[in-house]
Protein chains: 4
Amino acid sequence: MTGPELRVAMIGHAFMGAAHSHGWRTAPHVFDLPLRPVMAVLCGRSVSQASADRLGWASVASSWQEVVVRDDIDLIDICVPGYLHEPVAIAALAAGKHVLCEKPLANTLAEARLMAAAASSAASAGGVRAGGVRTMVGFNYRRVPAIARARALIAQGGIGQVREVRASYLQDWLADPAAPWTWRMSAEQAGSGALGDIGSHIIDLAQYLTGSQVSAVSAVSETFVPERPGGRVTVDDTVMFTAKLANGALGSFEASRVATGRKNGLSIELYGTKGSLAFDLERLNELQVSGQRVLITEPGDPYLDAWWPPGHALGWDATFVHQVRDLVHGIAEGSDTAPTFADGLGVQQVLDAVARSAAHQSVWTPVDRTGVERTGVGKTGS
Amino acid sequence: MTGPELRVAMIGHAFMGAAHSHGWRTAPHVFDLPLRPVMAVLCGRSVSQASADRLGWASVASSWQEVVVRDDIDLIDICVPGYLHEPVAIAALAAGKHVLCEKPLANTLAEARLMAAAASSAASAGGVRAGGVRTMVGFNYRRVPAIARARALIAQGGIGQVREVRASYLQDWLADPAAPWTWRMSAEQAGSGALGDIGSHIIDLAQYLTGSQVSAVSAVSETFVPERPGGRVTVDDTVMFTAKLANGALGSFEASRVATGRKNGLSIELYGTKGSLAFDLERLNELQVSGQRVLITEPGDPYLDAWWPPGHALGWDATFVHQVRDLVHGIAEGSDTAPTFADGLGVQQVLDAVARSAAHQSVWTPVDRTGVERTGVGKTGS
Amino acid sequence: MTGPELRVAMIGHAFMGAAHSHGWRTAPHVFDLPLRPVMAVLCGRSVSQASADRLGWASVASSWQEVVVRDDIDLIDICVPGYLHEPVAIAALAAGKHVLCEKPLANTLAEARLMAAAASSAASAGGVRAGGVRTMVGFNYRRVPAIARARALIAQGGIGQVREVRASYLQDWLADPAAPWTWRMSAEQAGSGALGDIGSHIIDLAQYLTGSQVSAVSAVSETFVPERPGGRVTVDDTVMFTAKLANGALGSFEASRVATGRKNGLSIELYGTKGSLAFDLERLNELQVSGQRVLITEPGDPYLDAWWPPGHALGWDATFVHQVRDLVHGIAEGSDTAPTFADGLGVQQVLDAVARSAAHQSVWTPVDRTGVERTGVGKTGS
Amino acid sequence: MTGPELRVAMIGHAFMGAAHSHGWRTAPHVFDLPLRPVMAVLCGRSVSQASADRLGWASVASSWQEVVVRDDIDLIDICVPGYLHEPVAIAALAAGKHVLCEKPLANTLAEARLMAAAASSAASAGGVRAGGVRTMVGFNYRRVPAIARARALIAQGGIGQVREVRASYLQDWLADPAAPWTWRMSAEQAGSGALGDIGSHIIDLAQYLTGSQVSAVSAVSETFVPERPGGRVTVDDTVMFTAKLANGALGSFEASRVATGRKNGLSIELYGTKGSLAFDLERLNELQVSGQRVLITEPGDPYLDAWWPPGHALGWDATFVHQVRDLVHGIAEGSDTAPTFADGLGVQQVLDAVARSAAHQSVWTPVDRTGVERTGVGKTGS
């Protein structure tokens, strides 16, 4: 709780805003951080101080344009709908602020490219911040201890060369046609549906865990409920695609918001030449290693050790606490913490290829990898 | 153990021959059967009487051509490699024998069409067998009590309209490149690799459980180990495909023999408008109903009731016992027991489309449904 | 299927008779046996040949007194209610027959002592049978591959010195007070209730797996439903007891027939100085080793290897097949196959101590170990 | 974050201090609380402000005697070793402070009686606090949503009359004889070992879930490792006991710190006349209802609704957040929140009977229920 301050402003304050706030509030009380985060400003068009108090922010503001240029702010945390990611991030980077942006990076590949380019420029701009400007995308599942363990196992060759990736992210909050329309069902505001919202998570995990990029995809998508109370649905409810990775592996992916009975079911399995790994978010303190269940509880884990004695299960919310820990370390040490905007672009390129394949009879579609070079696919802060 | 005899000859005596023998031996001791199966002849090129004794067959023969025309045989059970299915079955049907054929029905779509046509002719030929000639394909997983229960639940509308099917069949016996070559790795003898051998099971289950046919597919396949001790591998190790079903559902399918750590992992999930079902062969006495685990143990099950009091788990082998039960009932009652050869053709048509899509950049490929009409996709003997 | 015959007569033909018949019928078709079992006679007061056919027996008889002395019978398999175990077994042993007796060995400690003494005399009597007369008690769960694996692990020191045993066997077929009275609810005919019927299984497993005997117990029991349609219940519905083992371990045991929702739930956990093991019959192809789940599927298992390729799950019924295999090997090789009658007496002594402690305010009650010496607690046929 | 302040001082700052701090810090940001907790003082013999900052406390103090009488403090949160519970609580109650005390209530029955009597006097003393002085014991597992759900189901008669309770709490941090001695291994400082530390949790859960008190017990305990680096162990490593509840149910209980491979394994099963419930802390977002697994994720839960959308799993730490929520509501509303000190005494009475039975040959030992009347066994804040 000592060290220089890191003054944070958060733009947006809905579900993800609450989760990010939990991370900012809790991280300094669980981990030794080299900087002291200050929850300075909560920004929303009509946000009240009561709401800010509830989430733990010291003050409120209504104009993000004004907040991102304030001298007393070091970091902008973006939790607004996807169509606003690009303008807010570009402005914040231009003002020399560190940026943490919710996933997926943007609504379109074009926006993501601009954001990654801006991040790249800002990083090398030097200027007042000794360590450079840092960016991060909120793919929080990298921070589940079991996932971090899985990445380490694979990087050490523990399962050999990965041949197959099998991933799904299944929810059911739109299974009922009576579930009302929100901005998440609008292509303009959200970019895509299940694909970008939750499919992006499993793409990121696949690339992170294997340390290899998706090179081509074949996809199909469906909008099972095209009309909902309140509006027309212009995004997918479900998307399925197969993929080839640069290392030669095949991948099978599915994301759905109409998978009745699955509340928040993220599952990923990796089969290699020497072994396999499987993870299921419903049992996030476990890992299946070559078919056997392993509880992730042993000492030596950089996340778990800071919390409680072995065997005391963490929840979903802990990933946001870990995310803050890793980002703050990176900023203090002057190094990137993956996933950076470049990594976010790496996911966005896949999303774009998936959408194009789905629009063209599922034909194999190479992922367009032009743009800023990816920098940290296999790197994590822990 | 009374009633007219049903005299059986089995062609082939390897793994599947042992499993079928277990079915023939055990069914009359567990179920009340209207006919009395007699395990009359075991046929193999050089099979010994000792082997026949071990499996429970009264005599041996070396020429299937001679066996299929013997007057003292009523039913031919085909357990030989795929390339022999067609000649044996055609000859047996021509001789007026009932035929039980291991899956997949054939190595090629052309063969399967011939077989289904022959079955159709034989069925309507009349002749000496009052009830007509019956055919069945050995998709034994339809006979897992939990699967039969799932089918009944879906047929009653228990999960509403199915929107998504998610199926995989993962094994690892070929994960090691040192695993030796066998006929199952030859396109000539086996038709395809993981696709036909185990992929056919999940295609059949998807069509059976939904009561709807796959109408188009987009597929990719890979041979990760193209050379093995003893020969060149000319079939796939892994295949992944997406599918559209006639009822509008999307499907995601994967079959692999190189999924390290999975011994015999068949999993199928169905998501409908009102609920969901999930089954995993590793826990074959359970069913997940809308996310909750249900043990399949309650009284009232036509299979389970005949075995033991509730709670005494059955194994994989019981499916072959149930298969015999259902087939014998069908023969005695003069009715088809699904899956018939027509249903087997219905699966083969999908296998063919998958192979064509995989060979053409994964482009959407309609399933060619010409040929004999399907008769029993949604029907089971129980 | 070659080798000398082993001619078997079974006394009794209800649930356990069906299970034993399955074992006798199937074992010769799965395993290489040194003797050829012949299912010669099924004996019951009014059993029909149709029933015998159904279970696989060649002929019927109505008097066990006559059957046990027949010259054409080598082995008597006792599947009658507990109160008949002693007279049938004593007579069979006196006639020089091998005896397989369902568990528990007897209704009372006095009967069990007589039986073990008779077995001991018969074993050393020599006479016409070269290998001596053999006895076995049907504690079939020793023959679950996962249990056999657990025993081997413990014997090799894999979990160190066992400190705690935690075992329960929970069923619910008597949870409903409307469930009718049967002989199993009569102290005269069944000896005890949950205690002897299913508690005996977990006592046997505890002694077998640890290789150590229970030395003292403290127990409580309850009859929750004292009257049922058809009669008065004179045995326990539920029994709980703690125990000390000779090796210093503590044990916690529970057996119940009124544990609603549990059909056949046998669970045993062993905690040692170096590791732990846990087994649950509902998932009988798995073992928990020091908290991690292990599927029992790898090659090298003497039971599993004879059945199918890895990953094809066995059911509860397989234990009876394995039991026949092990017994037949023992007879052919002239050696005892645990659990012998002496081992059965070792369990009965615990049952007796439990009943006495429950009748005396749960006070610690030493197990009376007088009688024939135990011979094979830690030995199995595989 | 509005409303009157509730100024808190915490005595002690080790493992439980960190957990309680997490609760105080987080509850106001997740729940609407009628009072605004202020984390005013952290008290420890030599605690630094840096430590206080880390846990979230505004200031430090070194003398609990001084803190408990401070005018600017409303509530004392006791997280010190057991032997200090009584003097701190008595002094705090005498000073008219609300008290939250870690479990078990005390080291001895005599201390617990004094504390409950003091709580009773303070409650009725009236005086400056309009709502009266409130006490609570930190049996935090009552605040797992699945446990709260289980209590509601049982109270509504969902499983009928409970007949059997089966509970265990297994850890392994003392399995290794090389694990060093701490105050928790001293009878003087901790009262007992596994019995009080973790056995108290399952006793409380059993009484809470059934709504019935334990009336008599039969117990055995063992110290497997009597000497450790740093001192002599004068408490139990493992305790097992059977119990009778006032409603006629039988109970089986086990607590151990040497159960190798179990990190924090709390399991409780309840079998009733109409159904059953089972809970396992390793999967704390699930409940087994009559043998079927139910994910606790549906809307309508007073705890879960305040956190995240359905399906986002909570961790162990959330129980401390819920504890603060319920306690603060009780204080504001002038009502007790179970478990009060009287309920804590109700557990202590069982601990005492267990120890006496273990010291007297496990003989049935009635629980001495003299002392303050229990007030809230079946009541919870949610």
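Before counting anything, I noted what a contact is: two residues are in contact if their C-beta atoms, placed from the backbone, lie within 7 Å. I also noted that this is a predicted model.

**Entry 1: chains B and C**

I began with the contact between chain C and chain B, which takes 27 residues from chain C and 27 residues from chain B. I then looked up which helices of chain C take part: α1 (15-30) and α2 (49-55) of chain C each supply at least two residues of the side that touches chain B. By kind, the residues on that side of chain C divide into 13 nonpolar, nine polar and five charged.

**Entry 2: how the two copies are related**

The same surface serves both copies, as 100% of the contact residues of chain C recur in chain B.

**Entry 3: a sheet in chain B**

Here I followed six strands of chain B, which form an open sheet with parallel pairing, in the order β3-β2-β1-β4-β5-β6. The edge strands of chain B are β3 (59-61) and β6 (135-137), and each pairs on one side only. Ignoring direction, neighbouring strands of this sheet are turned by 25° against each other on average.

Ile11(B) has Ile78(B) as its bridge partner in β4(B). Helix α1 (residues 15-30) of chain B lies across β1, β2 (36-43) and β4 of chain B, and runs at about 155° to β2(B).

**Entry 4: two helices in chain D**

How do α4 (residues 85-94) and α5 (residues 109-124) of chain D pack? I found an angle of about 10° between them, with their axes 9 Å apart. Angles under 35 degrees count as roughly parallel, so α4(D) and α5(D) are roughly parallel to each other. Their crossing is left-handed.

I listed some of the residues that meet: among them are Ala89(D), Ile90(D) and Leu93(D) in α4(D), and Leu114(D), Met115(D) and Ala118(D) in α5(D). The residues of this contact divide into eight nonpolar, no polar and two charged.

Key: Residues are numbered from 1 along each chain as its sequence is written. Chains are lettered from A and ligands numbered from 1 in the order in which they are written. This is a predicted model: local features need pLDDT of at least 70, side-chain atom pairs count only at pLDDT 80 or more; totals for chains, interfaces and linings use all residues. Axes are lines fitted to C-alpha atoms, for helices over the stretch in contact, and angles run from 0 to 180 degrees between N-to-C directions. Helices (H or I, at least four residues) and strands (E, at least two) are DSSP runs, numbered from the N terminus. Angles under 35 degrees count as roughly parallel, over 145 as roughly antiparallel, 65 to 115 as roughly perpendicular and the rest as oblique. A crossing is left-handed if the near helix is turned anticlockwise from the far one by less than a right angle, and right-handed if clockwise. Ala, Val, Leu, Ile, Met, Phe, Trp, Tyr, Cys and Pro count as nonpolar, Asp, Glu, Lys and Arg as charged, and the others, Gly among them, as polar. Two strands pair if DSSP finds at least two bridges between them.
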